[in-house]
Amino acid sequence: LSPFTEDNADPQVLARLLHKQWSLYSVTPLYGFRGARLKDYGRLLGAFVAAEKQKGLAVEIGVELDIKVAVSSFPELRGSDRDEAAVLVQLSRSAASQRSSEEKVIWSGWFCCVSGDDLSKNVPEDFTCLPLFLANGAEGYTAIVGSWFQKTFDCCFHRLAISPLNLSWMAAMWTAHRVDQSVSALELVFSVPRLPYPLDISYAIHPEDAKALWDTIQKTPGEITQEEVDVFMDCLYSHFHRHFKIHLSATKLVKVSSAVASAHCDGVIKFLRSQYTTGVLMLLTELAISWVQ
Amino acid sequence: MDEIVAEYIRRTVLKIPRDEIKTMLQKWGFLSEAQLRTLNFHQTKENISQDVVQLCEENSTDIKQAAVLDIIYNNIYPNKRVWSVYQMSKTGEEMECFDLTTFKKTFKRHLRSALKNVTISFREYEDNAIWIRIAWGTPYTKPNQYKTSYVVYHSQTPYVFISVSVLKSNLPLLCQALIAASNYHHIREMELRSHSLNSLKDIVFKRYSQVSHFTISCLSAFSPSFPFPPVADLRIVKENKKEKERIQRLNREAFGDGPQPKLEFAQYKLETLFKNGPKMDALDKKAFRCVVKFSSPHLLESLKSLAPAGVAESPPSQLLTCIPQKARNYFKIREKKDVFPESFVSP
């Protein structure tokens with residue numbers, strides 16, 4: 001399938017994504033979104049957030065501090081020039097100390113599109129394609145920001161679930177591109193539904209050994225095929241079966257983690273290394289687009 | 001009464017579910033019946049605990065007495081802690097008669113000779129269990145009543161159950177004090193850990209219902225359609241009935257008939273060969289290192305239900321069924337050389 005692109009994105013930008021837990025959403029194209037009006041959007045969204053808080057839909061009870069909203073553009077975060085520049089929305093609150101008027105970011109949301117040609121080429125002029133949305137912070141704020149965008153740009157947000165198939169793909173991808181000498185295991189977490197007592201199975205493989213296995217499977221360096229991913233997973237499942245006589249294929253793969261990143265089927269991701277972040281965003285963009293279409 | 005003691009009593013009472021406070025205070029026995037009658041157990045726990053502290057003030061309760069209340073709480077709610085199992089052994093000599101007084105004296109002396117700042121409390125229970133509570137200090141600070149370890153020792157057995165929580169560095173000292181006091185020579189930690197203290201006891205004292213072929217064949221004789229309820233309409237035939245019965249039978253032979261001891265997890269560190277790759281030669285000689293961890297609110301029952309659910313094969317893997325018999329839930333598995341390539345060695 002798709003060759004693995006080298007990471008050309010600005011490491012400083014990518015650093016903002018690291019070590020935070022992001023909830024994933026797919027977003028339909030935004031109608032009437034203008035890159036030149038970001039400052040206005042910030043003001044309008046800020047007013048909306050304040051109004052929602054007064055209504056009593058405040059996220060944090062008893063906190064009276066003002067919330068500032070900043071909307072900014074990041075052209076460095078995209079797959080190619082055909083993609084829209086990423087848009088970052090940040091909610092911050094001034095820290096309540098006499099010493100400094102420091103601003104603490106309490107919520108962030110990224111709209112982005114990494115190699116989303118499949119969607120953008122089919123969409124009429126007035127629409128902006130930013131199908132992947134990552135949110136970090138209180139769910140209440142995600143809901144408020146989401147509803148403002150939905151009202152203002154006539155779009156829809158959907159929680160993005162990551163299927164076991166996609167998780168397997170990520171497992172293979174992260175194994176194939178061993179980042180450094182780290183000994184973070186490749187961990188697969190399975191859940192067995194419909195039992196009288198629920199069972200979770202964590203299967204953590206030494207990264208060197210996972211890579212050695214992958215190397216016997218991969219045919220073309222730099223390329224990963226679905227067939228290779230299937231063989232990789234089958235091998236891991238067979239090894240497990242040899243010892244425990246349990247069919248992992250009959251269970252649900254719910255989480256995959258490695259030194260590069262971790263992903264959960266409920267649509268939660270955490271980036272741990274800036275290398276390959278763009279690659280993961282590309283995969284997630286593809287996933288988001290398949291939900292939108 | 002010391003402020004520290006007052007606060008400690010207050011916090012201990014707060015932990016107790018409101019409906020249990022009266023019973024526990026009665027078990028404790030440091031407040032008189034008259035004093036207990038003055039307590040209003042229908043108010044908030046915060047208020048109840050304050051009132052209890054007041055009464056303790058009247059009695060000038062000290063830390064040793066407060067510690068007893070803590071033991072009682074932990075004895076009734078042991079599952080809030082994680083327990084490890086240790087086995088003591090001795091070379092040669094016969095077993096001497098166990099004397100409780102000597103045990104307590106020797107234990108305290110041994111511990112205090114190395115660390116003066118400790119609070120040591122004992123309480124004996126009917127099943128020959130001795131509960132020991134130790135609050136740890138340092139050479140320079142008084143014992144911290146919130147940094148405690150618990151030991152449960154059944155004097156007629158070589159087993160000790162320890163819940164260390166923080167300050168694991170004190171563990172060797174604790175172990176030495178135990179073997180000195182109980183007249184053993186060695187102590188080793190078993191690879192067995194759980195929240196459920198009673199289940200750990202069930203496993204090491206072999207109190208769980210082990211496999212009984214007699215039971216199984218008897219039950220089959222009474223009802224031909226066992227384990228399914230007799231079917232009223234003979235035109236209804238259960239698909240794969242024979243197969244399902246076979247699975248049930250093999251499962252029960254492997255896991256036993258009765259309720260399983262309650263464990264929360266099992267961990268296997270595997271260093272076996274990888275035999276399922278497409279190009280065997282590359283990986284053939286090297287160990288494929290991985291760690292597998294199973295977790296469940298009731299692990300053994302969960303594993304037992306896998307084969308009937310179609311997720312595992314019958315008969316089940318011995319790596320799973322051996323947990324209670326081997327009295328361990330942490331394993332290191334290596335490849336067994338020569339004869340049976342499919343069997344594993346667990347050191």
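In chain B, Ser60(B) belongs to the loop that joins α4 (45–59) to α5 (63–76); helices (H or I, at least four residues) and strands (E, at least two) are DSSP runs, numbered from the N terminus. The model is predicted, so that local features need pLDDT of at least 70 and side-chain atom pairs count only at pLDDT 80 or more, while totals for chains, interfaces and linings use all residues. Residues are numbered from 1 along each chain as its sequence is written, chains are lettered from A and ligands numbered from 1 in the order in which they are written, and side-chain values use heavy atoms, with hydrogens and water left out.

The phi of Ser60(B) is near 50°, a positive value in a residue other than glycine. Is this residue buried or exposed? Ser60(B) counts as exposed because its relative accessibility is 52%; buried means under 20% relative accessible area, exposed over 50%, and partly exposed in between (1.4 Å probe, protein chains only).

Ala327(B) is not a glycine either, yet its phi is positive, at about 55°. Ala327(B) is placed in the loop between α13 and β9 (330–335) of chain B. With 8% relative accessibility, Ala327(B) counts as buried.

The structure holds 2 cavities of 30 Å³ or more. On a 1 Å grid over the protein atoms alone, a cavity is a set of points where a 1.4 Å probe fits but cannot get out, and lining residues have an atom within 4 Å of a point. Grid points are joined across faces, edges and corners, and a volume is the space filled by probe spheres set on the points.

The largest cavity contains about 120 Å³ of space. Its lining has 14 residues, and Trp174(A), Arg178(A), Ser184(A), Pro207(A) and Ser258(A) lie nearest its centre.

Among the residues that line the second largest cavity are Phe244(A) and Lys245(A), together with Asn251(B), Phe255(B), Leu303(B), Pro316(B) and Ser317(B).

Technical notes. 1 Å grid on protein atoms, 1.4 Å probe; cavity = no way out; pocket = protein on both sides within 12 Å on 5 of 7 lines; lining within 4 Å.
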